[in-house]
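Here is a short briefing to read alongside the model. Have the viewer open as you go through it.

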Protein chains: 2
Amino acid sequence: MTSRGKRFGAPHDGASRPTADKSERGIPEATVARLPVYLRALVTLSDRGIATCSSEELATAAGVNSAKLRKDLSYLGSYGTRGVGYDVEYLRYQIAREIGVTQDWPVVIVGIGNLGHALANYSGFSSRGFRIAALLDADPGRQGEVVGDLPILAFDRIEELVAEHGVAIGVIATPAPAAQAVCDRLVAAGITSILNFAPTVLAVPEGVDVRKVDLSIELQILAYHEQRKAGLLDRIDPGLPDTTPAMPGKTTTAKAVG
Amino acid sequence: MTSRGKRFGAPHDGASRPTADKSERGIPEATVARLPVYLRALVTLSDRGIATCSSEELATAAGVNSAKLRKDLSYLGSYGTRGVGYDVEYLRYQIAREIGVTQDWPVVIVGIGNLGHALANYSGFSSRGFRIAALLDADPGRQGEVVGDLPILAFDRIEELVAEHGVAIGVIATPAPAAQAVCDRLVAAGITSILNFAPTVLAVPEGVDVRKVDLSIELQILAYHEQRKAGLLDRIDPGLPDTTPAMPGKTTTAKAVG
DNA sequence: AGGAGTTTGTGAACGTGGGAACAAACCGAG
DNA sequence: CTCGGTTTGTTCCCACGTTCACAAACTCCT
């Protein structure tokens, strides 16, 4: 789902890089997306004082099957012990290192409306490898207000934050019409990873990653399946034929059956 | 990503159902996930007064390539005109009907904390085929408070809402420790689709769909790629060897080289 | 030490998804 | 009516992701 031009370790050349270590390159995107889930499951196990777990146990905690879990972990290296399982602390560290959350990443949030407030107050940020470096908003009426220990700064400060604090990740929580302009400005300032909450498709240059979180898309996907479930039981087609737009053209010219 | 046991229209039997229409069954999950994006792009085009568009134009607006767009739309039927393109209003209605958002779905939100407030005030709900039927919270101190025109009700009211108002979709915005219990109660009450904002893996029975929105997972995926980008330039490994947990066991028993 | 039991890591088979390329179909001009 | 230009719908092929199944490797018990 990451809008990257090309994968990094594309397996186009099997014979290149004879020194290529297993964990060096080429972790599949689907696996990358699950590593944070495994990490969270390991943290939970660790908090419960569990020192060792099998792939079956960890897979259950993460909501996947054990074969997938083992294959995913095999891309990182051989961190388990056959006949025993995985050491929770050790595996937790290895995954955290692979993801890159052994130290905190500074993050800026742009657009402190309803959602931005909620994000600024979200405690899960700081606990899992991220730190809110600043809250930005273009509206002068909001600037200066303190939200969750941080003041809202002018959006103009973005270049300064990137240059002086090494911020690389930006969160866009603005209304949809402003998102693309904000995105362009973030990219120009040097931001290379963007998490977009605005319901818009963002266009970014090569080398910038965008991930989107979209409430209404998720709901619509659920609605599709829900409709299917209902249709299987009721066999009632809820489509209103009255408001159906007519098919344009399509005169079909009755060419067959001649 | 939907945690459904089995796909509905699994293509296990090509010869069954001779009356199987094209749009009847078997739209790939990846396509379903993109239909809402196409729908939004069409709404935008419609608002601009554009009556017709080519697959290339619509694909650009949706952030995909035209081949993928055409293939996706072909699963729904032949709604375009060769040599011309797609009628915006007509295609918009067809996609909306396929997704099931031609009329509104009632939705309940459980857990009206920071995030729940933001969701309750989110205007994109009502505009795109969904209607907030109720806000629920288990905390009596929050009950009665009015958020975005709706009062917060006791969580106990969930059965009543499902039975009397036909609510089928639930949004979980509670803290993580409460999420599974809330989920179980929703499922028991008859909810069959759940959108989970709590950072936990939810276990649900067959036939219930769960989709999750997880901020910290998205950020960690971005961090992984960000780390890779930095590594390609700097070749600095930021891993601190001091705090590395020791590999347990792995005595290796030096059996080879004998 | 040796064997039984357990669990990881991985090779192979299978299904799904993405993209190029092309035939079919439509429009408009002459 | 015919021809050239345009755009869709579909087919084919390849890459990716998932799952099965099993050898390798480890522990424990005798």
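Contact here means heavy atoms within 4.5 Å. With that cut-off, 85 residues of chain A are in contact with 85 residues of chain B. This is a predicted model, in which local features need pLDDT of at least 70 and side-chain atom pairs count only at pLDDT 80 or more, while totals for chains, interfaces and linings use all residues. Residues are numbered from 1 along each chain as its sequence is written, chains are lettered from A and ligands numbered from 1 in the order in which they are written, and side-chain values use heavy atoms, with hydrogens and water left out.

**How the two copies are related**

**The interface between chain A and chain B**

- About 7,600 Å² is buried between the chains, and carbon and sulfur atoms give 63% of this area (the accessible area, with a 1.4 Å probe, that two parts lose on being put together, summed over both).
- Eight salt bridges are counted between chain A and chain B (a side-chain nitrogen of Lys or Arg within 4 Å of a carboxyl oxygen of Asp or Glu).
- One of them joins the side chains of Glu218(A) and Arg211(B), at 2.4 Å from N to O.
- Helix H9 (residues 215-234) of chain A gives the most to the side of chain A that touches chain B, with 16 residues (helices are DSSP runs of H or I with at least four residues, strands are runs of E with at least two, and both are numbered from the N terminus).

**Around DNA strand D**

- DNA strand D is surrounded by 29 residues, and the closest are Arg34(A), Asn65(A), Ser55(B), Gly80(B) and Tyr86(B) (near means that a heavy atom of the residue lies within 4 Å).
- Sugar and phosphate make up 68% of the atoms of DNA strand D that come within 4 Å of the protein.
- A polar backbone atom of Gly80(B) is 2.9 Å from a phosphate oxygen of DNA strand D.
- H3(A) provides the largest share of the surface near DNA strand D, with four residues.

Definitions and conventions
A polar contact is a pair of N or O atoms within 3.5 Å; within protein, one must be able to donate a hydrogen and the other to accept it, and residues adjacent in sequence count only if both atoms are side-chain atoms.
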